[in-house]
Amino acid sequence: MATLITDTFDRSNNADLGASWDGYSGSNPFAINSNAARPSAAAADNIETYNATTPPDDQWAEITIGTWAANANYRNIHAACRFAAPNTISGYTGAAETPNPAGKVFIGEFVAGSFSVLASSPQTIVSGDVIRLEVIGSNLTLFQNGLSRATASDGTRTSGRVGIVSYPNSAITDVDIASFRAGDFSNFIPKVINNLRNQGICS
Amino acid sequence: MWIEVDIIGTGTLRDPYRPDVPDGVPFSAPSWPKNPANGRPLMKTAFVCVPDDAAISAKQIIRADLLLELPKRGAIDLKNITHVEKSWQRS
């Protein structure tokens, strides 16, 4: 498992995330605010994907939640995989939301701009949570802080970019992303075998 | 257990298409066919897996062994999806 992309958003405030990120027509971009990626519009979709590197088809993406306001305003935040290039809004996401009425994590899919939930699990969401989506073949798994929370199966999207998505219903100050990482599963099997060897389970 | 429930929502990030399962109940749903042009569900219902003790009103409860038989019935003919949709609709 290798990390191919890391963005900690540690740079000057700007309305644009930078040249490595693309927005989508019909949605809003993220902005750099206090070394985090913040949605730029409330009560609207905010979507960006990473263009400088596209991981192999079996890929993962994860976000570390920065701001997660302690109020009753609805908001969601997503790590996206196998996302189409602009301006086609199609791809998988792993997300956290609150309240509705309570917090939950879920796996979703965009198809031509329409969004569906494929699996969901009620969970408490706090600042610092790491939300990660892994897509291997047609298997989708959502992790919260390293724990598997939801699984789904869908073979519609076979490749694409990684990215970030958010919908803050009331205020853009309710949520932001402290850091973003993405990668592939290369060297995964050798690492598993090495771990087994280190434990004396196999030679 | 596997249940059949309606698909609700409007397809937005605020109100996504989803199985009609109460908030607070975890679920895992096999993907349902969607119109590739607009993402709308091609069926009105979805099969969903929920915990056995979940208090849910469902159209029907499906035996797992019958669900496992579905792949043997052959692939859905996407060129004739109108016919397939009608065969799945419930009154």
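Across the interface of chain B and chain A, three salt bridges are found in what is a predicted model. One of these joins the side chains of Lys104(A) and Asp23(B), with a distance of 2.8 Å from N to O. Between chain B and chain A there are also nine residue pairs in polar contact, counting pairs with both residues at pLDDT 80 or more. On the side of chain B that touches chain A, the elements that give two or more residues are β2 (18–19) and β3 (27–28) of chain B, and the residues of that side divide into 11 nonpolar, eight polar and four charged.

**The interface as a whole**

The size of an interface is often given as the accessible area lost when the parts come together. For chain B and chain A that buried area is about 1,900 Å², and carbon and sulfur atoms give 54% of it. In chain B, the residues that lose the most area to chain A are Leu13(B), Arg14(B) and Asp23(B), which together account for 38% of what that side buries. The contact draws 23 residues from chain B and 29 residues from chain A.

Ser166(A) lies in strand β14 (residues 161–168) of chain A, and it counts as buried because its relative accessibility is 0%, where the cut-off for buried is under 20%. A polar atom of the Ser166(A) side chain lies 2.7 Å from the backbone oxygen of Asn76(A). Residues up to four places away in sequence aside, Ser166(A) touches a set that includes Phe30(A), Pro39(A), Asp45(A), Asn76(A), His78(A) and Val175(A), together with Leu13(B) from the other chain.

**Strand β8(A) and its two partners**

| Strand paired with β8(A) | Sense | Bridges |
|---|---|---|
| β7(A), residues 75–83 | antiparallel | seven bridges |
| β9(A), residues 104–111 | antiparallel | seven bridges |

In the pairing with β9(A), the bridge partner of Tyr92(A) is Glu109(A).

**Glu134(A), a buried charged side chain**

Glu134(A) has its place in strand β11 (residues 130–136) of chain A. With a relative accessibility of 13%, Glu134(A) counts as buried, because the value falls under the 20% cut-off. Its side chain is joined to that of Arg132(A) by a polar contact of 2.9 Å. Leaving aside neighbours within four places in sequence, the residues in contact with Glu134(A) are Met1(A), Gln59(A), Trp60(A), Asn139(A), Leu140(A), Thr141(A), Phe143(A) and Phe185(A). Glu134(A) and Ala37(A), which stand 97 residues apart in sequence, are 21 Å apart in space from C-alpha to C-alpha.

Technical notes
Residues numbered from 1 in each chain as written. Chains lettered and ligands numbered in written order. Predicted model: local features only at pLDDT ≥ 70, side-chain atom pairs only at ≥ 80, totals over all residues. Heavy atoms only, no water. Contact = heavy atoms within 4.5 Å. Buried area = accessible area lost by both parts, 1.4 Å probe. Salt bridge = Lys/Arg side-chain N within 4 Å of Asp/Glu carboxyl O. Polar contact = N/O pair within 3.5 Å; in protein donor to acceptor, adjacent residues only side chain to side chain. Helix = DSSP H or I, 4+ residues; strand = E, 2+ residues; numbered from the N terminus. Nonpolar A, V, L, I, M, F, W, Y, C, P; charged D, E, K, R; others polar. Buried < 20%, exposed > 50% of the residue type's maximum accessible area, 1.4 Å probe, protein only. Pairing = 2+ DSSP bridges.
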